[in-house]
Amino acid sequence: MVENLNRSELNIAINKTRESFDTDNPTVPFIEGDGIGIDIWPASQSVFDAVVEKAYNGERKINWVEVLAGQKAYDTVSEWLPKKTLDTFDEHGVGIKGPLTTPVGEGIRSINVAIRQELDLYVCLRPIKYFKGIETPTKSPQDVDIVLFRENTEDVYSGKELEEGSDEVLKLNSFLEDEFGWKIRKDSGIGIKPISNTGSERLIRAAINFAAENGKKNLAIVHKGNIMKFTEGAFRKWGYELIEREFSDVAVSWEDSNGNPGDKILVQDVIADAFLQQILIKPQEFDVIATTNLNGDYASDALAAQIGGIGISPGGNINYENGKAVFEATHGTAPKYAGMNKANPGSLILSGEMMFRYMGWNEAADLIITSMEKSILEGNVTYDLARGREDATILSTSEFADSLVRNIQ
Ligand code: NAP
């Protein structure tokens, strides 16, 4: 039983969200973040305050409220993700965060994933666009202008995993053999990958709705449905069914249009491995992507590399139905650079740009883009964006933020 909103209800919800940010002094909770969080958060905040001041002449101001998560929360209140943090995000509707550590193969589960799941932020939105001046590993980075919608609450991220040798895994293994005749090696760990109709439809609805609202020409459903037929394959099938049911006035599948969609959005599906080579060969053929959680994780980092790396790749976690959103950079905590005032704050600053735009503060958002364009073109950049550029001056995290502030016009 699908419980989410249909197309017109979704648009009503999005409009209501826009109205709810119509205030001059919103409180915005932020998580500083582990690792390089201590470097990139203060740098980013200085840029946010400067663009708001410039755009609104003191008539608007963000009231920043720090909330705890990760190492700082553990050191302060002995919890990795205090309930108060989730409640504060929930109360204020919009927030922003730095990266948080997740140990590999042991220890606590991902706090980033927990925030997305607890607040039901079902879309991970990742726009990938090139800034002129950056040296990239590909020849035509300017051809990349893609907005990726990654499902954010299901798939292998749902945390249904059992450890090899545990009583639970042996019990499940016996059950699978007795009930389904599935023979799985006894020394296996087992993970479960749930993908629901509800989760798939609301993600794909958000993506096609975005494409329609923003005049995009095509939408690709990216999946691995040839192998995982009832999860990834179902994601594809539910996507086509939804678009046929709710969006046939604005979108048409490749099959139904023979590749000639006229004024409509062309909807096609691409198998994930083929997608990873097609974005290198012909990125200009992709505008909006709707994909499952793990595919989206891989694809967004691959796309980020094409335009200059994860130092310049923003993201937002959004529930379009209730309007809640937490914005965050694509990258992690880059521990080897923590506290060195070296990492690029660009991803977090651009995540703030997305946040301002989401709130309807377009003037502040525009100033972030123009100042970032200018600093990069001048060659005043952090170490990562200086790679391959002979004209570049390498700036520290805080100096890069200062350069942006100077370029706000
Ligand atoms: P990472 O922290 O993203 O760092 C990998 C590499 O990416 C860095 O060594 C650096 O490359 C480059 N990089 C990342 N952020 C950068 C920045 N701001 N400026 C310039 N370069 C940057 O990935 P990881 O080392 O795999 O993960 C570290 C921790 O972060 C893990 O605990 C992981 O779980 C966590 N993580 C958190 C999030 C999140 O909070 N949403 C997301 C991903 C990972 P160079 O070495 O080439 O300079």
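This is a predicted model: local features need pLDDT of at least 70, side-chain atom pairs count only at pLDDT 80 or more; totals for chains, interfaces and linings use all residues.

Visitor: OK, which residues come nearest to the ligand?

Guide: There are 24 residues around the ligand, and Gly332, Ala334, Lys336, Tyr337 and Tyr383 come nearest.

Visitor: What does the ligand's oxygen side look like, say at Gly332?

Guide: A ligand oxygen sits 2.7 Å from a polar backbone atom of Gly332. At Tyr337 the side chain takes part: one of its N or O atoms is 2.7 Å from an oxygen atom of the ligand.

Visitor: And where does a nitrogen atom of the ligand go?

Guide: To the backbone of Asn344, where a polar atom is 2.9 Å from a ligand nitrogen. As for cover, the ligand has 870 Å² of accessible area on its own, and the protein covers 70% of that.

Visitor: How many of the shell residues are nonpolar, polar or charged?

Guide: The shell has 9 nonpolar residues, 9 polar and 6 charged.

Visitor: Which helices supply at least two residues of that shell?

Guide: Helix 5 (111-118) and helix 14 (383-386) each do.

Visitor: Let's stay on helix 5. Which of its residues are buried?

Guide: Ile111, Asn112, Val113, Ile115 and Arg116 are buried there. Just past the helix, Asp120 has a positive phi of about 55 degrees.

Visitor: And what about the loop between strand 3 and helix 5?

Guide: Pro103 is in that loop, with strand 3 spanning 94-97. Pro103 counts as partly exposed because its relative accessibility is 31%.

Visitor: Switching to helix 14. What's in the loop between it and strand 15?

Guide: Arg389 is there, with strand 15 at 393-394.

Visitor: Why does Arg389 count as buried?

Guide: Arg389 is buried because its relative accessible area is 10%, and the cut-off for buried is under 20%.

Visitor: So what does the Arg389 side chain pair up with?

Guide: A polar atom of the Arg389 side chain lies 3.2 Å from the backbone oxygen of Gly133. The Arg389 side chain also makes a 3.0 Å polar contact with the side chain of Asp391. Leaving out residues up to four places away in sequence, Arg389 touches several others, including Ile134, Glu135, Ile376 and Glu378.

Visitor: Now the nonpolar core. Which residues touch the most other members?

Guide: In the largest nonpolar core, which has 92 residues, those are Ile96, Phe149, Tyr320 and Phe356. Helix 2 (residues 37-56) gives the largest share of this core, 9 residues. A separate core has 12 residues, among them Ile31, Val67, Ala69 and Leu81.

Visitor: What does Phe356 touch?

Guide: Beyond residues up to four places away in sequence, the partners of Phe356 include Phe48, Val51, Val52, Ile62 and Trp361.

Visitor: Last one: where is Asn173, and is it buried or exposed?

Guide: Asn173 sits in helix 6 (residues 167-180), and it counts as buried because its relative accessibility is 2%. Not counting residues up to four places away in sequence, Asn173 touches Ile184, Arg185, Lys186 and Ile190. Gly189 is 16 residues from Asn173 in sequence, with 9.6 Å between their C-alpha atoms.

Definitions and conventions. Residues are numbered from 1 along each chain as its sequence is written. Side-chain values use heavy atoms; hydrogens and water are left out. A nonpolar core is a set of buried Ala, Val, Leu, Ile, Met, Phe, Trp, Tyr and Cys residues joined through side-chain atoms within 4.5 Å. Buried means under 20% relative accessible area, exposed over 50%, partly exposed in between (1.4 Å probe, protein chains only). Helices (H or I, at least four residues) and strands (E, at least two) are DSSP runs, numbered from the N terminus. Contact means heavy atoms within 4.5 Å. A residue is near a molecule or strand if one of its heavy atoms lies within 4 Å of it. A polar contact is a pair of N or O atoms within 3.5 Å; within protein, one must be able to donate a hydrogen and the other to accept it, and residues adjacent in sequence count only if both atoms are side-chain atoms. Accessible areas come from the Shrake-Rupley method with a 1.4 Å probe; for residues, only the protein chains shown count as cover. Ala, Val, Leu, Ile, Met, Phe, Trp, Tyr, Cys and Pro count as nonpolar, Asp, Glu, Lys and Arg as charged, and the others, Gly among them, as polar.
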